[in-house]
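Thanks for taking a look at this one with me.

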Amino acid sequence: MHAARDLLPIFIFGDSTLDVGTNNHIANGSSRADHPYNGIDYPGSQATGRFSNGLNTADTIVQLLGGYDLSPLPYLALVEDGSNFTREILHGVNFASGGAGLSKVTGQKFGRVVSMEEQVQQFATVRGNITALLGESKGDGLLQKSMYIFSIGSNDIMEYLFSPLKTMTPEQFVINLTDAYAIHLKNLYSMGARKFGILSIPPIGCCPFARFVSNGTCSNETNDLASACHTSFESLMKNMSSTLEGFKYSLVNTYNMTMTVITQKIGNHKFSFSLQMPTYSTSAISLVSRGFKDVVSACCADKTPFGLSECLKGVHLCKYRDDYLFWDAFHPTEKASKLAATVVVSSQDPAFVSPINFGSLRKA
């Protein structure tokens, strides 16, 4: 049992930052984490499909929201089992898929992922089951009170930047990505969703993979796109909340949150960021930056002539995982996910989360 019986459901959408095993159930997909050393600090040292040494951000957020031991189960796991489907969907479902993006074509290099469009379609199936089980009126009421959490867009940026043939300007790319987000959110709204918790795109230009490509420094080009996306997503959220009745949201500035950790550890003098960083409260800085000794390297990876390796058994594995911000070439450690969740759920600092935090959204 992942949640208390009378708890309102939480539905989770996105990419590998929130995937808790979706991709384990995709036979012809290569974006998987169901192998060591992933999960080395998870109970039983089990590689569950989380791109983490232990829990990931989906787990840590729902734990702090209350009533959950872990993230709701993956949709594909519930479908494959079948026996607990109707019982479990009343607690929520995790649709997130490693490698997925807001664009339908993002992630095709992995063979197969569950795109955001398909995740929304899967939710439609869940909604149909809930309303059939509870009746249309009661089912719709439950879905309107439920919470919907999103973390997606990083893969779209990476694929755009590494595409040999760019068919649009960065400005047009941000517009297109925001338009795609709007379609997905409006589709969910039309099916009863009202409470939207959005984790915007982190400074992926500072992840170990991007640093490797950029000779050890953060990639300004990548970070500028991530920052621009947050600004655009913020405008989208404000517009949707003013035009759609009952639409409530919490938008996490994952960019600022992560950059605070990085810059507090290694100092601004090493990098030239084009984004003017805002001033944060001292308490907020200490909350998110405490305890990391390495905010640059991957805890689990080998350096190769072609970049950083996947986190596989036999590659370099750091001994003290809690010292690291990054687990592998792209993803945070369990400790980083726990600290992020604390900010997401309870921070009052508008530099990190606005107009309200996830905890307040849950109760709204």
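**Notes for a first look**

1. Let's start with a contact between side chains: R321 and D41 form a salt bridge, with 2.8 Å from N to O. The term stands for a side-chain nitrogen of Lys or Arg within 4 Å of a carboxyl oxygen of Asp or Glu. This pair ties together distant parts of the chain, since R321 sits in the loop between β8 (307-308) and β9, D41 sits in the loop between β1 and α1 (57-65), and they are 280 residues apart. The count of salt bridges under this rule is nine.

2. A word on the basis of these notes. The model is predicted, so local features need pLDDT of at least 70 and side-chain atom pairs count only at pLDDT 80 or more, while totals for chains, interfaces and linings use all residues. Residues are numbered from 1 along each chain as its sequence is written, and side-chain values use heavy atoms, with hydrogens and water left out. Helices (H or I, at least four residues) and strands (E, at least two) are DSSP runs numbered from the N terminus.

3. Now the sheet. It is open and has six strands in the order β2-β1-β3-β4-β5-β10, with mixed pairing; two strands pair if DSSP finds at least two bridges between them. At the edges are β2 (92-94) and β10 (353-354), each pairing on one side only. Strand β1 (residues 10-14) runs parallel to β2, and three bridges join them. F11 has V93 in β2 as its bridge partner.

4. Which helix packs on the sheet, touching β1, β2 and β3? That is α4 (residues 116-134), and its direction makes about 160° with that of β1. Contact here means heavy atoms within 4.5 Å. Axes are lines fitted to C-alpha atoms, for helices over the stretch in contact, with angles from 0 to 180 degrees between N-to-C directions.

5. Next, the open space. The largest pocket holds about 1200 Å³. It is lined by 49 residues, and S16, D328, A329, F330 and H331 are the closest to its centre. Helix α12 gives the largest share of this lining, five residues. By class, the pocket lining has 26 nonpolar, 17 polar and six charged residues.

6. There is also one cavity of 30 Å³ or more, and the volume of the largest cavity is about 40 Å³. Its lining is made of S16, T17, F51, S52, N56, T57, P332 and S337. Two of these residues are nonpolar, six are polar and none is charged.

7. Finally, some backbone details. Most residues other than glycine have a negative phi, and most peptide bonds are trans. Here, a cis peptide bond joins P36 and Y37, with omega about 5°, and Y37 lies in the loop between β1 and α1. Another cis peptide bond joins S354 and P355, with omega about -10°; P355 is in the loop between β10 and α13 (358-363). S45, a residue other than glycine, has a positive phi near 50°, and S45 is placed in the loop between β1 and α1.

Conventions:
1 Å grid on protein atoms, 1.4 Å probe; cavity = no way out; pocket = protein on both sides within 12 Å on 5 of 7 lines; lining within 4 Å. Points joined across faces, edges and corners; volume = space filled by probe spheres on them. Nonpolar A, V, L, I, M, F, W, Y, C, P; charged D, E, K, R; others polar.
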